Amino acid sequence: MRKRGLETVYRLAKEHPNVVYIGSDVGKGTLAQFQEEMPERFFVEGIAEAYVIGMAAGLAMSGKMPFVNTIATFLTRRCYDQIAVDVCLGNYDVRLYANGGGLVYAPLGPTHQSIDDIALMRALPNMTVFCPCDADEMERGIRASYDHKGPVYIRVARGGDPIVSKAEAGFAFGKALVFKQPGDLLLISTGITCQISLKVIEALAERGISAGLCHLPTVKPLDRDTLEPLLRQSRFVATVEEHSVIGGLGGAVAQLIAEGARHPAGKFKSIGIPDVFPQGYGRQENLLARYGLDVDSVTQTVTAWMEQT
Amino acid sequence: MTKELEGLARKARIYALTMIYHAGSGHPGGALSAMDLLCHLYFREMDYDPADPGRPDRDRFILSKGHACAGQYAVGCLAGCLPLAELGGFRKLGRKLQGHPHVGATPFVETSTGSLGQGFSVAVGTALGLRHRKIEARTYAMIGDGEIQEGEIWEGAMFAAHHRLHRLCVVLDYNKLQSDDLNRNIMGVEPVANKFRAFGWRVEEIDGHQFDAIEGAFGGFNRETGRPTLILAHTTKGKGVHYMEDRPHWHGSVKMTEDNLRQALTDLNCNPETIGKCRDGTIWEESLD
């Protein structure tokens, strides 16, 4: 996914002379071809994120479309003020290419684990929050971003995720994709929890539970038109996200439900990383399992919850 | 020539102080220290059209030390960028002139500032973007001395020199005082000139209240072909008002009493009639002679 996203940025740059790449010390060899062919539009900025955001805003004000590529935590936490004031306030066309959304950088510890980025970014006016589930969806989203007015946060997963998105389903910022209509249960995913949820649905089917899936490539804008009827018809609704349970997908959906989009006897559960800095390093899959986000854990959690209720 | 600028700067100081008095809050100290430099920028240096603030080839100015905006608004008004009556709306709900420069609200404000360090980076990106688009316009920014304690300044400084942004001119309003105290008592910033030189910048060190010196420094910038320029302008915080000069209290945000206003305007050689107009707000009805 990461590679496909950057390749798409490269192709966009070949097509559109205003596309600029800014990498913040993210390793040699990233987009070598871009650098070779369009050196005047390729910048590597050292280990210094904050001013890069202001500078990207300046470039955008001057008619450029900068793609800023760095690690998600440094982009969102360190540069929050710059993103809010320099980019969002003026609604500039800056694209934030955030590597390691969620627990991708599990081995590097809490400094690199981006578990609060969706909450931070969706709180900002004008920001679009894009969390693709696979490389194809990433490519569609990056392409769509070229024609989109305003800033876009692009949450980049580790890569190598199975392709589940379908070209015929189309793509638009703010458009949810219903992979399967709900029965007793509706799962709602964003990013790679789409693939996890699809497997959970298979596992639940074996237990006689009929679950549907609504996948949100963009947590913001939230597709209320698609979500609200689904929320009204499903007795059980669970969000699944590789993110803190505070302020992310679960928070966004809970707000819709609290505002009235609910089944008369509806129950809601937010499945995500609890309110902790993940402990233990390890690999992404280790931490996903530790915090109940692998297929088995989600299946167990949902089954137990539905039985108790 | 200098006399004309001195007259404009005096008027701008009167306007800024009156704005802050009527708003009930504001930052007079840094607005007064920057005023002569702002006047030179708007009346002698920059190429722009007040009637067409979005002209693509205009010179850009970013007040990175956004809290000094009363100075920019007053000078902008004198330069024809704003109707005089707007100054009376300073810091008022829904009006054009907010407590920090706000893009969209004020026609000649290029970007919102107020979070220190950030306007500098935006200026760097603006200069780079203009160069990419082969637009000959110059980019100016004004920063404060406390502001250079922000790491972001030095990140942007490194970038600007590395990319030889010679059409970028940053003016440091070096009044030596930040909100609470002298820089040197909080976090020393010296040697400023040598730091910027070491970062690859051309540095012009001047008295920021001497118009001849200011003109000379900008002349140096305009002749430069390979490096960004820092104009290190030694200034006096609260310049022109004796009880404010070099006193951190008047950094802001402060409320000025009627007595404060009268004393300040007396220092600026205002007669009782003008002081009265400033006090009751009728000053915004017709231009000051």
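This is a predicted model: local features need pLDDT of at least 70, side-chain atom pairs count only at pLDDT 80 or more; totals for chains, interfaces and linings use all residues.
**Exercise 1. Find the cis peptide bond that joins Glu190(B) and Pro191(B), and the one that joins Lys220(A) and Pro221(A).**

Take chain B to begin with. The bond between Glu190(B) and Pro191(B) is cis, with omega about -5°. Pro191(B) lies in the loop between helix H6 (183-186) and helix H7 (192-198) of chain B.

Over in chain A, Lys220(A) and Pro221(A) are joined by a cis bond with omega about 0°. Pro221(A) has its place in the loop between strand E10 (218-220) and helix H9 (224-233) of chain A.

**Exercise 2. Describe how H2(B) and H3(B) pack.**

Step one is the geometry. Helix H2 (residues 28-45) and helix H3 (residues 69-78) of chain B pack at about 30°, and their axes are 9 Å apart. The crossing of H2(B) and H3(B) is right-handed.

Step two is who meets whom. From H2(B) come residues including Met35(B), Leu38(B) and Phe43(B), while the H3(B) residues include Val75(B) and Leu78(B).

**Exercise 3. Work out what chain B brings to its contact with chain A.**

Begin with the residues: 22 come from chain B and 23 from chain A. The buried area between the chains is about 1,800 Å², with carbon and sulfur atoms giving 64%. On the chain B side, Gln118(B), His132(B) and Glu155(B) lose the most area, together 28% of what that side buries.

Now look for links across the interface. There are zero salt bridges between chain B and chain A, but seven residue pairs are in polar contact.

Which elements give two or more residues to the chain B side? Helix H4 (118-132) and helix H5 (151-162) of chain B do. The largest share, 10 residues, comes from H4(B). Finally, sort the residues of that side: six are nonpolar, 12 polar and four charged.

Definitions and conventions
Residues are numbered from 1 along each chain as its sequence is written. Chains are lettered from A and ligands numbered from 1 in the order in which they are written. Side-chain values use heavy atoms; hydrogens and water are left out. Contact means heavy atoms within 4.5 Å. Buried area is the accessible area (1.4 Å probe) that two parts lose on being put together, summed over both. A salt bridge is a side-chain nitrogen of Lys or Arg within 4 Å of a carboxyl oxygen of Asp or Glu. A polar contact is a pair of N or O atoms within 3.5 Å; within protein, one must be able to donate a hydrogen and the other to accept it, and residues adjacent in sequence count only if both atoms are side-chain atoms. Helices (H or I, at least four residues) and strands (E, at least two) are DSSP runs, numbered from the N terminus. Ala, Val, Leu, Ile, Met, Phe, Trp, Tyr, Cys and Pro count as nonpolar, Asp, Glu, Lys and Arg as charged, and the others, Gly among them, as polar. Axes are lines fitted to C-alpha atoms, for helices over the stretch in contact, and angles run from 0 to 180 degrees between N-to-C directions. A crossing is left-handed if the near helix is turned anticlockwise from the far one by less than a right angle, and right-handed if clockwise.
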